[in-house]
Amino acid sequence: MPLLAMGFLLVILQPSTGQFPRACANTQSLLRKECCPTWDGDGSPCGELSSRGSCQNILLSQTPLGPQFPFSGVDDREDWPSVFYNRTCKCEGNFMGFNCGECKFGFSGPNCTERQLRMRRNIFQLTTSEKDKFLAYLNFAKNTLSQDYVIAIGTYTQMNNGSNPMFRNINVYDLFVWMHYYASRDTLLGGSNVWRDIDFAHEAPGFLPWHRVFLLMWEREIQKITGDENFTIPYWDWRDAENCAICTDEYMGGRHPTNPNILSPASFFSSWQVICTRSEEYNSQQALCNATGEGPILRNPGNNDKSRTPRLPSSAEVEFCLSLTQYESGSMDKMANYSFRNTLEGFADPRTAISNISQSGLHNALHIYMNGSMSQVQGSANDPIFVLHHAFVDSIFEQWLRRHRPMLEVYPAANAPIGHNRENYMVPFIPLYRNGEFFKSSRELGYDYEYLQEPALDSFQEFLIPYLRQARQIWAWLVGAAVIGGVVTAVLTALILACRKKRRGTSSEIQPLLIESEDYNNISYQSNF
């Protein structure tokens with residue numbers, strides 16, 4: 001497929017807004033601080049005439065944050081998305097999207113009432129035609145203009161508080177590269193000053209939910225531009241791998257015959273241009289990445305610093321990580337010990353769960369091992385191996401959720417690093433998603449992993465799931481209420497019996513309270529859901 005269109009896409013500037021809906025990227029929307037686009041289905045904002053949603057004020061979390069970011073009012077991503085908009089579409093029922101024009105993940109149909117469960121599969125289990133279709137979709141996304149979204153190429157202050165919009169068109173694949181950059185970039189403090197200890201997608205509790213949403217949105221955009229509603233991201237199971245088995249021209253691109261740092265010319269990924277990789281340049285200019293091409297994908301797998309990442313992760317390390325019972329702990333950042341999230345992310349030793357930032361384990365190990373574009377956080381999504389890798393990381397997260405079945409309260413409500421509390425909205429997604437909304441089984445979000453398949457639930461069980469989850473979340477209250485009720489009942493019964501005994505005196509006609517044996521057979525206790 002020709003790539004000339006890409007150059008054209010990247011030079012078009014247009015006033016239109018993080019991942020900003022095109023319909024809201026204009027002076028009027030920014031000055032009104034409102035992003036409530038019309039739904040084409042009925043011509044009303046947020047599809048209100050069809051009861052899909054309505055334009056409402058954004059409710060921001062007021063819970064305290066951790067100490068890692070000691071500033072306020074200096075970063076456009078604080079209290080996302082309130083710097084740009086304080087009113088957005090709030091969708092009802094199973095509707096979703098920046099204009100409530102789509103279905104929630106896991107639902108489909110004209111009224112979003114049909115349950116769906118798609119399967120993510122091991123890339124090596126795909127047929128040749130399925131694998132070739134996946135590669136073609138990647139290339140198509142790299143050469144297709146995003147119809148719904150544009151990117152910000154200036155801060156809100158540089159936009160003169162909205163009166164001078166600074167946005168740019170971008171292709172579908174690079175849109176997600178840019179979003180990953182924007183969530184993890186440094187804070188620009190003016191002059192040549194920056195704050196580096198900030199990341200809305202890594203090094204904190206939101207790491208796993210954020211990347212889960214990222215993959216779901218990426219998957220949906222591919223489905224939309226290709227018309228293939230059943231498309232799912234394949235995963236690469238890298239446990240115990242001795243080398244990069246997908247680094248061949250048949251899959252994600254082999255090594256160049258004369259330059260080991262770039263891809264083989266036989267792979268069409270060799271002609272891709274990366275974006276958002278020059279963080280120091282952006283920082284010195286106090287500028288945002290503007291999605292200009294910055295050279296080819298770099299990758300030299302296995303020629304990394306062995307003292308930091310001696311090999312790819314093992315099955316035993318993944319299993320140890322899965323055995324950890326705490327999702328998060330301590331400071332809830334990269335220094336957290338015995339944290340499942342921190343161990344899976346790779347800042348804690350995968351054999352002890354003790355933080356060790358001089359080493360890179362599990363998730364981080366893959367990035368370091370690739371020794372190129374994947375190894376720099378802000379630009380790592382440029383390499384298409386990124387989606388295969390993170391799909392497998394998400395599957396490990398899914399295994400942990402199924403094994404430990406945590407209540408929502410397990411996800412930290414307060415004192416996490418900025419942007420990572422349970423009720424914080426994820427940067428830079430519009431429509432808005434809270435971290436806690438994706439701390440649940442993938443089956444409830446409409447997808448599963450082939451190697452994790454469980455027996456399908458019948459429709460009655462599917463119906464009960466949300467009610468059972470609510471019951472789990474208030475079980476302590478229910479037990480307490482039952483105990484109190486039992487005590488009150490016992491006291492009243494004792495008083496009543498005492499009164500009766502007093503009235504009857506010493507009559508020998510008093511009969512014991514009887515329960516027939518057959519009544520015992522009818523008593524049962526449901527101890528689990």
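Tutor: Let us begin with Asp383, which is found in the loop between α9 (362-370) and α10 (385-404). Helices (H or I, at least four residues) and strands (E, at least two) are DSSP runs, numbered from the N terminus. This is a predicted model, in which local features need pLDDT of at least 70 and side-chain atom pairs count only at pLDDT 80 or more, while totals for chains, interfaces and linings use all residues. Residues are numbered from 1 along each chain as its sequence is written, and side-chain values use heavy atoms, with hydrogens and water left out.

Student: Is Asp383 buried or exposed?

Tutor: Buried means under 20% relative accessible area, exposed over 50%, and partly exposed in between (1.4 Å probe, protein chains only). Asp383 is buried because its relative accessible area is 0%.

Student: Which residues does Asp383 touch?

Tutor: Contact means heavy atoms within 4.5 Å. Not counting residues up to four places away in sequence, Asp383 touches Tyr173, Ile297, Leu298, Arg299 and Met374. With Arg299 there is also a polar contact of 2.9 Å between the side chains. A polar contact is a pair of N or O atoms within 3.5 Å; within protein, one must be able to donate a hydrogen and the other to accept it, and residues adjacent in sequence count only if both atoms are side-chain atoms.

Student: How does one read a helix such as α3?

Tutor: The expected span of a helix is 1.5 Å times one less than its number of residues. Helix α3 (residues 128-142) has 15 residues, and its reach of 21 Å from first C-alpha to last is close to the 21 Å expected at 1.5 Å a residue. Among the buried residues of α3 are Phe134, Leu135, Tyr137 and Leu138, and also Lys131 and Lys142.

Student: Where is Glu317, and which residues is Glu317 in contact with?

Tutor: Glu317 is in helix α7 (residues 315-323). Glu317 counts as buried because its relative accessibility is 7%. Leaving aside neighbours within four places in sequence, Glu317 is in contact with Arg311, Pro350, Arg351 and Leu362.

Student: What should I look for in the backbone?

Tutor: Most residues other than glycine have a negative phi, and most peptide bonds are trans. Here, a cis peptide bond joins Trp80 and Pro81, with omega about 0°, and Pro81 lies in the loop between β5 and β6. Another cis bond runs from Val427 to Pro428, with omega near 0°; Pro428 is in the loop between α10 and β16 (447-449).

Student: Which residues have a positive phi?

Tutor: One of them is Ser51, with a phi of about 60° although Ser51 is not a glycine. Ser51 lies in the loop between β4 (44-45) and β5, and counts as exposed because its relative accessible area is 54%. Ala291 also has a positive phi, near 70°. Ala291 is in the loop between α6 (279-285) and α7, and counts as buried because its relative accessibility is 0%.

Student: Where does Ser82 lie, and what does Ser82 touch?

Tutor: Ser82 lies in the loop between β5 (53-57) and β6 (87-91). Ser82 counts as partly exposed because its relative accessibility is 22%. Apart from residues up to four places away in sequence, Ser82 touches Lys33 and Leu60. Ser82 and Ile58 are 24 residues apart in sequence and 7.8 Å apart in space, C-alpha to C-alpha.

Student: How many helices and strands are there in the protein?

Tutor: The protein has 13 helices and 16 strands. Of its 529 residues, 51% count as buried.
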